[in-house]
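Please look at the picture first, and then follow how each value is set against its cut-off.

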Amino acid sequence: MSGFGIIAWIVIGIIAGWLAEMIMKRNHGLLTNLVVGVAGALIGGFLANNLLGVDASGSWIVGILVATVGAVVLLFLLGLVKRRT
């Protein structure tokens, strides 16, 4: 998702983090949503590019979808780790 600027990363991160929060039925704040969303964008972008061959850097909608999927994966993995400890 290198085609977006820093402001776009923040906006996409907040939206993706919030969507992932709703999907996973969690309750986080705005800053946590931003961090989860941006980390999810990195994870989702990596997965989309390497597994599916999809470039998410050209479209806001695709960027948000990819970031949301990555954020959901991140929250799922964090939930697994949290249950084990």
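**Reading the model**

Q: What does Glu21 touch, not counting residues up to four places away in sequence?
A: Glu21 touches Arg26, Asn27, His28, Gly29, Asn33 and Leu75, where a contact means heavy atoms within 4.5 Å. The model is predicted, so local features need pLDDT of at least 70 and side-chain atom pairs count only at pLDDT 80 or more, whereas totals for chains, interfaces and linings use all residues. Residues are numbered from 1 along each chain as its sequence is written, and side-chain values use heavy atoms, with hydrogens and water left out.

Q: Why is Glu21 called buried?
A: Buried means under 20% relative accessible area, exposed means over 50%, and partly exposed lies in between, with a 1.4 Å probe and protein chains only. Glu21 has a relative accessible area of 4%, and therefore it counts as buried. Its place is in helix α1, and its C-alpha atom is 24 Å from that of Leu51, which is 30 residues away in sequence.

Q: Which residues of α1 are buried, and what covers them?
A: The buried residues of α1 are Ala8, Trp9, Ile12, Gly13, Ala16, Gly17, Ala20 and Glu21, and what covers them includes α2 and α3 (60-84).

Q: What makes Asn33 buried or exposed?
A: Asn33 has 5% relative accessibility, and so it counts as buried. It lies in helix α2 and, leaving aside its neighbours within four places in sequence, it is in contact with Gly13, Ile14, Gly17, Trp18, Glu21 and His28.

Q: Why does Gly37 count as buried?
A: Gly37 has a relative accessible area of 0%, which means that it counts as buried. This glycine is found in helix α2, and it touches Gly13, Ala16, Gly17, Ala67 and Ala71, not counting residues up to four places away in sequence. Gly37 and Gly70 are 33 residues apart along the chain, and their C-alpha atoms are separated by 7.9 Å. Also among the buried residues of α2 are Val36, Gly40, Ala41 and Gly44, and what covers the buried residues of this helix includes α1 and α3.

Q: What makes the phi of Lys25 worth a remark?
A: Most residues other than glycine have a negative phi. Lys25, however, has a positive phi of about 55° although it is not a glycine. Its place is in the loop between α1 and α2 (30-52). Lys25 has 72% relative accessibility, and therefore it counts as exposed. Just after α2, Gly53 also takes a positive phi, of about 70°.

Q: What makes a group of residues such as Ile6, Ile7 and Trp60 part of a patch?
A: Patches are made of residues with over 30% relative accessible area and no salt bridge, in which like charges are joined within 9 Å and nonpolar side chains (Val, Leu, Ile, Met, Phe, Trp, Tyr) within 5 Å; a salt bridge is a side-chain nitrogen of Lys or Arg within 4 Å of a carboxyl oxygen of Asp or Glu. Here Ile6, Ile7, Ile10, Val11, Ile15 and Trp60 make a nonpolar surface patch of about 550 Å², and the largest share, five residues, comes from helix α1 (residues 6-23). Ile7, whose place is in that helix, has 60% relative accessibility and so counts as exposed.

Q: How do you know whether the radius of gyration of the protein chain agrees with or departs from that of a compact globule?
A: The radius of gyration is taken over C-alpha atoms, and the globule rule is 2.2 Å times the number of residues to the power 0.38. With 85 residues, a compact globule would have a value near 12 Å, and because the protein chain has 12 Å, the two agree. Of these 85 residues, 36% count as buried. The C-alpha atoms fill a box of roughly 40 × 25 × 15 Å, taken along the principal axes.

Q: What is the pattern of the protein chain, read along the sequence?
A: The protein chain follows the pattern α-α-α, and its secondary structure comes to three helices and zero strands. Among contacts between residues at least 6 apart in sequence, 71% join residues at least 24 apart.

Technical notes:
Areas by Shrake-Rupley, 256 points an atom, 1.4 Å probe, with all protein chains shown as cover. Helix = DSSP H or I, 4+ residues; strand = E, 2+ residues; numbered from the N terminus.
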